[in-house]
There are 2 protein chains.
Amino acid sequence: MIRHIVLFTWADDATDEQKATVAAELGKLPGVIPELRAYTVGPDAGINEGNHEFAVVADFDSVDDYLVYRDHPRHQAVIAEHIKPIVAARAAVQLSL
Amino acid sequence: MIRHIVLFTWADDATDEQKATVAAELGKLPGVIPELRAYTVGPDAGINEGNHEFAVVADFDSVDDYLVYRDHPRHQAVIAEHIKPIVAARAAVQLSL
């Protein structure tokens, strides 16, 4: 299994509507990318100080399936239209499990 | 469910043995902290450039269970003795699912 993890911090001038749109648009991807085996997406819960603001954890059966997701036009459109305009910091890891 | 996610980048002078010890010591925690429902720990798979080097994803039934893990002496000992000496960057989110 491949577990893809990415954390974002948003720009100071990002609006609540822009942040909510990222979650909503990513949430549509399991319906169009069947390679996604599990997908958890959402804002930080506010328990600790100093965290990033938003997380994506996506599970796949294989590296090839992860690459389908990574390079999928619908996913790339969400990145270009909704994430890149408001991202201030990004941290990612892919775990091989 | 609470999903705790943390990504690390290690210091340039961190040794392979030090990095492996972090994984090994964290891997012992499910045996001593029964609140851990699922625990995936390991190095980045090397698929993409620019990633952090190591990830922890820990699932709990509740915020209280996560706090038991966060503040557990055995976990704090791994942080103090094995992670802090070699960490260069850390990124974290807790997702409420």
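Colleague: What is the volume of the largest pocket?
Modeller: The largest pocket has a volume of about 320 Å³. A pocket is an open set of points on a 1 Å grid over the protein atoms alone where a 1.4 Å probe fits, with protein on both sides within 12 Å along at least five of seven lines; its volume is the space filled by probe spheres set on the points, joined across faces, edges and corners. This is a predicted model: local features need pLDDT of at least 70, side-chain atom pairs pLDDT 80 or more, while totals for chains, interfaces and linings use all residues. Residues are numbered from 1 along each chain, chains are lettered from A, and side-chain values use heavy atoms, without hydrogens and water.

Colleague: Which residues lie nearest the centre of the largest pocket?
Modeller: Lining residues have an atom within 4 Å of a point. There are 21 here, with Val6(A), Phe8(A), His75(A), Ile79(A) and Arg90(A) nearest the centre. In chain A, β1 (2-10), α2 (63-71), α3 (73-83) and β4 (87-96) each supply at least two lining residues; helices (H or I, at least four residues) and strands (E, at least two) are DSSP runs.

Colleague: How many residues line the second largest pocket?
Modeller: It has 18, and Val6(B), Phe8(B), His75(B), Ile79(B) and Arg90(B) lie nearest its centre. Two or more come from each of β1, α2 (63-71), α3 and β4 (87-96) of chain B, and α3(B) gives the largest share, 4 residues. The volume is about 270 Å³.

Colleague: Which residues of α1(B) are buried?
Modeller: Buried means under 20% relative accessible area, exposed over 50% (1.4 Å probe, protein chains only). Val22(B), Glu25(B) and Leu26(B) are the buried residues of α1(B). The face turned away from the buried side carries the exposed residues Asp16(B) and Glu17(B).
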